[in-house]
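Please look over the model below. A short report on selected parts follows.

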Amino acid sequence: MREPIKYVFIWPAFLVVLIVALFPLFYSLIVSFQSMRLVPPVPPRFVGLGNYADLLGQERFRSVVGTTSLIVFCSVTVQYVLGFAIALALHGKVAAERLFRVTFLLPMLMAPIAVAMVARMLFHSTVGPINEFFTLVGLPNLPFLTKASWALGAIITVEVWQWTPFVILMMLAGLQTLPSEVYEAADLENATPWQQFWGITFPMLLPISVAVIFIRVIESFKILDTVFVLTGGGPGISTETLTLFAYQEGFKKFNLGYTSALSFLFLIVIILFGVVYLAVLRPTLEKRS
Amino acid sequence: MNRHRGSRAVTFALCAIWFVVTIFPFYWTFVTSFKPPTAVNGGPTYLPFIDFEPTVKAYVDAWSGSRGDFFTPFLNSTLIGISATVLAVLLGSMAAYALVRFQFRVRLLAGAAFAAIGIGGFLLFQELGLSRAQAMGVSFLLALPTSVLLNGLRLPGPVLGNNDVVFWFVSQRMFPPIVTAFALYLLYSELGKEGLKALDTYWGMTLCYTSFSLPIVVWLMRDFFQALPVEIEEAALVDDVPRLRIFFEIVLPMARPGLIATSMITLGFVWNEFLFALLLTTSNWQTLPIILSGQNSYRGDEWWAISVAAMVSITPMLVLAFFLARLMRSGLALGAIK
């Protein structure tokens, strides 16, 4: 089928993505093999894998990767379990379901920066309501944003608050596609809700679960806004994430080659994760379908 | 049946608790924006008129600009948001339509040639004495036609179809944004050295957001177009109506719910975006999230003022959420999620 008009349709979008998203990547790939600084301006010098080797040998880089993975792992796990539970509850025709459905979507649409600002206010040690609540139930005043473990907890909490709605939305859409006949049959055999969940609902929603978790993990790895406002990576570098680290290197130290190398390492981490994740889960998925 | 009622109560409790957790930060921000300083610094206060006397002073301050200009970033966010959304949805729908109704074949070798000529040409032309931006431009202009030509030849190697093209579009979105944002910063600053100012400009930001919204638009709109019946278009084709007219006069109106939902999602993304704005703007075209993030260092923590700033950023999205929810309820946007 030869229809030249199809190129009129696709080329504008294709060109924009090529020029703005793809082509600059070539450039930054080249820069990642160079030693290049803006301040003080040093002419670029080819250093091969020097930047990469440097980064991998750095204690700070390893700690940043660890912190980011920890945040991603904890927040996505909680998001998935909580989001799935709430989706099930909403699907089961709970009272005031309409109100809940609309409200539960809200956090997702807010600017992460605004959310983090509000969270800073809520977690504040003297004027914040969360600490007052904890004092009320007899706990000491907690250093949410100034002590490493509590600060990580606060960041994870904010992530869970903002992105559980995404899991709710997707799982709810998945639940609506399930055929009701299977459940009727299960009811006839007196299967308990618990058995029905593990025997029918969970396996049937496995493909969408895999997709949801995948999207959330990829997105969470990019985390910057929340950390930027909430802790700025501190105390020390205990809550610094990959994106924040790259930003600091590039725009505080103007070490461009380094930052480019870092962002490509980041890309490799994401791709590795994706490949491993899909490879591990493919057998389970194929068996089901 | 007693157990049934028990589980009902549990699910309701779960929803109710999550409802409170979700709503409380909104309530807190809203209330705090009306607090006088004394009601903030003395410890948490909760209820207006009982705990404290509400005041609109923080709003007046924000409006008069005594705490930094809010109006310009608001306008910037709106302008950039709307133009990027319109562009992305227009170009993205066209591409999505093409990917649904036509067959595309892209040879992997042609793609590889594009990358090879792009990178090699850039290095070569720089050696020949061209500036970085010039070398980039020339190698791009060389790489593109060559790879298009190569694609027309019968080359060996795998051939990619429509699904792969869609995947290519969507995969742009999976990249860590710092990779592309940083690369774009380098490109824009090189362009600046050639006299074409791209950093901190309206068109620079619009172009950048258009490009990064396109993957989502292509992905969502493809689902909507796939759901449309092909017969009407075929009837129009028999009558020799040109494709472009079919698209704009028949297909787009039919896909209106999808267009609205996609536009709202895109607008939300651009409105809330922080990293690109942080890297690519400095003063003139700063957007709301940038101003917002600067609030905590600006004159210390004046929470009432920060709350006003947050309200300014949140409110348009609340309105948007309301409309999106209405769309969802009528079931129109469900196809996009599936």
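**A helix pair in chain B**

The crossing of H5(B) and H6(B) is right-handed. In such a crossing the near helix is turned clockwise from the far one by less than a right angle; turned anticlockwise, the crossing is left-handed. Helices here are DSSP runs of H or I with at least four residues, strands are runs of E with at least two, and both are numbered from the N terminus.

This is a predicted model: local features need pLDDT of at least 70, side-chain atom pairs count only at pLDDT 80 or more, and totals for chains, interfaces and linings use all residues. Residues are numbered from 1 along each chain as its sequence is written, while chains are lettered from A and ligands numbered from 1 in the order in which they are written.

Two packed helices are described by the angle between their axes and the distance between the axes. Helix H5 of chain B covers residues 108-127, and helix H6 of chain B covers residues 132-152. Their axes come within 8 Å and cross at roughly 155 degrees. That makes H5(B) roughly antiparallel to H6(B). Axes are lines fitted to C-alpha atoms, for helices over the stretch in contact, and angles run from 0 to 180 degrees between N-to-C directions. Angles under 35 degrees count as roughly parallel, over 145 as roughly antiparallel, 65 to 115 as roughly perpendicular and the rest as oblique.

Which residues meet? From H5(B) they include Leu109(B), Phe114(B) and Phe125(B). From H6(B) they include Met136(B), Phe140(B) and Leu150(B). Two residues are in contact if their C-beta atoms, placed from the backbone, lie within 7 Å. The contact of H5(B) with H6(B) has 14 nonpolar, eight polar and one charged residue. Ala, Val, Leu, Ile, Met, Phe, Trp, Tyr, Cys and Pro count as nonpolar; Asp, Glu, Lys and Arg as charged; the others, Gly among them, as polar.

**A helix pair in chain A**

Now take helix H5 (residues 112-122) and helix H7 (residues 148-176) of chain A. They pack at an angle of about 130 degrees, with their axes 11 Å apart. H5(A) and H7(A) are therefore oblique to each other. H5(A) passes H7(A) in a right-handed crossing. H5(A) brings Pro112(A), Val115(A), Ala116(A) and Ala119(A) to the contact, and H7(A) brings Ala154(A), Val158(A) and Gln162(A). Six of these residues are nonpolar, one is polar and none is charged.

| Helix pair | Crossing angle | Axis distance |
|---|---|---|
| H5(B) and H6(B) | roughly 155 degrees | within 8 Å |
| H5(A) and H7(A) | about 130 degrees | 11 Å |

**Chain A as a whole**

Chain A has 13 helices and two strands. Its C-alpha trace spans about 75 × 70 × 35 Å along the principal axes. Of its 289 residues, 41% count as buried. A residue is buried if 20 or more other C-beta atoms lie within 10 Å of its own, exposed if 12 or fewer, and partly exposed in between; the C-beta atoms are placed from the backbone.

Is Thr68(A) buried or exposed? Thr68(A) is buried, because 24 other C-beta atoms lie within 10 Å. Thr68(A) sits in helix H3 (residues 59-91) of chain A. Neighbours within four places in sequence aside, Thr68(A) is in contact with Phe221(A), Thr241(A) and Leu242(A).

**Two loop residues**

Asn190(A) is not a glycine, yet it has a positive phi of about 60 degrees. Asn190(A) lies in the loop between helix H8 (180-188) and helix H9 (193-204) of chain A. With 7 other C-beta atoms within 10 Å, Asn190(A) is exposed.

Asp240(B) is also not a glycine, and its phi is positive, about 65 degrees. Asp240(B) belongs to the loop between helix H10 (231-238) and helix H11 (243-254) of chain B. Asp240(B) counts as exposed, with 6 C-beta neighbours inside 10 Å.

**Where the chains meet**
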